[in-house]
Amino acid sequence: MEPNPHQARQPKVYLETYGCQMNVADSQTVSAIMRRAGYANAERPEDADVILLNTCAIREHAEERVLGRLGDLARLKHARPEIKLGLLGCMAQHNRAALARKAAYLDLIAGPDSYRRLPELLARAGFDPAVDVRLDRAETYADISPEYPDGVRAYVTIMRGCDKFCAFCVVPYVRGRERSIAPADLMREIRGLAERGVREIVMLGQTVNAYRSGDTDFGAILKMTARIDGIERIRFTSPHPAEMTESAIEAIASEPKVMPHLHLPVQSGSDRILAAMERGYTVKEYLSLVDKVRAAIPGIAISTDIIVGFHGEEDRDFEETLAIMRTVSYDQAFSFKYSVRENTRAYRLGDSVSEEEKGRRIAAVIALQETISLERNRATLGQVFPVLIEGPARRGIGLLAGKTPQFKTAIFPTGDTTRTGETVAVRVESATGHTLTGSILAA
Ligand code: 5AD
Ligand code: SF4
């Protein structure tokens, strides 16, 4: 039955999100679609008529978490069979067949390109689950303004999908082909956000710097966004090293609103492993890109993603990963144990590194990065950074928190005149590997 907004009790939807920033942004689109169809929000699954999980398939662990949660929700549904339970996102796309078998209580399975049809699919779900996992190379949801939470920062999807097919990665299979949202649609959306008080835009895309719409490339989109009044800071994630063009570097270097922080996933420091991963660059090429970026944008922070224990990774390959971490001296690194994913090119290769060895390697990466982050953060002692205030710090009464241009968290005591959304000058007085602590300079 189609929900009727005029009926006495409005149907309620509860939505839970797993995985990356892109999924968080997709959930905001899903919320907008459900709202249009007459659904109100439920704060807890117990209060909902429809429960949706927006899921991640990037590693096995992400899927296990969702399966665990589904077990809890299945009990709720057992007690109240009229509840509709749906799985959205990458895991829905990836495991549709197994899910329909294993989780027979699911009413809905919908992939990342099927959200527009969610209300119809829910209306159709009956004894058999409604399944829609068609990938649609034209779907961008450009006409649907997402339901953004309040805050100084908003995430805006500028492109969807990925054409890179790195050997380890399931994303191209679950999110489909690369497609970009037209500049006019993006600028309309971002202007609307600026009017609502958003000060910082984070542009999202699986390979965000591969953005292209007609003649407009990623560098041009950065520059167009910088023209919008009210937007003070522009960030983006994640760029691909092989797509880091002159135009993009020039835009970051020349536009003061584009923040000096680059998340540049390296994945491995071994040429042999990079080739097996089909990443499309060598260590030498990656390092020369880092040099070029640092020469063009002094003071830029660089962060990365690292996979340990990819199939075939020997001790000497892993040593090269530690070596590139020292050479680049990353401000931050996110590390992951290799997880074999069905359908990917590396699937048939196997999984030669034991779980224990992956554990040792990831511990070494984390320990090394702690040392490097601490060193780099300590080097900022005494320096002054503009910090966009995001709100109260998570810990510490009377402390505010925000980010420096380099995306480092800064915390500092509240001054009388400071508020969320204001940019203040903060002098760094102490530093850990994760946080800078300081105080606001008198105006
Ligand atoms: N196993 C482990 N890590 C992975 N990533 C992507 N696929 C896998 C996988 N199969 C990591 C990469 C990527 C980040 C988002 O997740 O480092 O940059
Ligand atoms: Fe996955 Fe590679 Fe595409 Fe990133 S660029 S989403 S790692 S296939």
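Which residues surround ligand 1?

Guide: A word on the model comes before the site. This is a predicted model, in which local features need pLDDT of at least 70, side-chain atom pairs count only at pLDDT 80 or more, and totals for chains, interfaces and linings use all residues. Residues are numbered from 1 along each chain as its sequence is written, chains are lettered from A and ligands numbered from 1 in the order in which they are written, and side-chain values use heavy atoms, with hydrogens and water left out.

Ligand 1 is surrounded by Ile58, Arg59, Phe168, Gln267, Asp305, Ile307, Phe336, Lys337, Tyr338, Ser339 and Arg341; a residue is near a molecule if one of its heavy atoms lies within 4 Å of it. Sorted by class, this shell holds 5 nonpolar, 2 polar and 4 charged residues (Ala, Val, Leu, Ile, Met, Phe, Trp, Tyr, Cys and Pro count as nonpolar, Asp, Glu, Lys and Arg as charged, and the others, Gly among them, as polar).

Now the atom pairs. Phe168 places a backbone N or O atom 3.0 Å from a nitrogen atom of ligand 1. At Ser339, a polar backbone atom is 2.8 Å from a nitrogen atom of the ligand. Asp305 uses its side chain: a polar atom there lies 2.7 Å from an oxygen atom of ligand 1. Of the 400 Å² of accessible area that ligand 1 has on its own, the protein covers 87% (Shrake-Rupley method, 1.4 Å probe). Strand 15 (301–308) and strand 16 (332–337) are the elements that give two or more residues to this shell (strands are DSSP runs of E, at least two residues, and helices runs of H or I, at least four, numbered from the N terminus).

Phe168 also belongs to the surroundings of ligand 2, together with Cys162, Lys164, Phe165, Cys166, Cys169, Val171, Pro172, Gln206, Thr207, His240 and Arg279. The shell around ligand 2 has 7 nonpolar, 3 polar and 2 charged residues.

As for the protein around these sites, its secondary structure comes to 13 helices and 21 strands. Buried residues, those under 20% relative accessible area with a 1.4 Å probe and protein chains only, make up 54% of the 443 residues. Among contacts (heavy atoms within 4.5 Å) with a separation of 6 or more, 71% join residues 24 or more positions apart. The C-alpha atoms fill a box of roughly 65 × 55 × 50 Å, taken along the principal axes.

Note on methods: Polar contact = N/O pair within 3.5 Å; in protein donor to acceptor, adjacent residues only side chain to side chain. Buried < 20%, exposed > 50% of the residue type's maximum accessible area, 1.4 Å probe, protein only.
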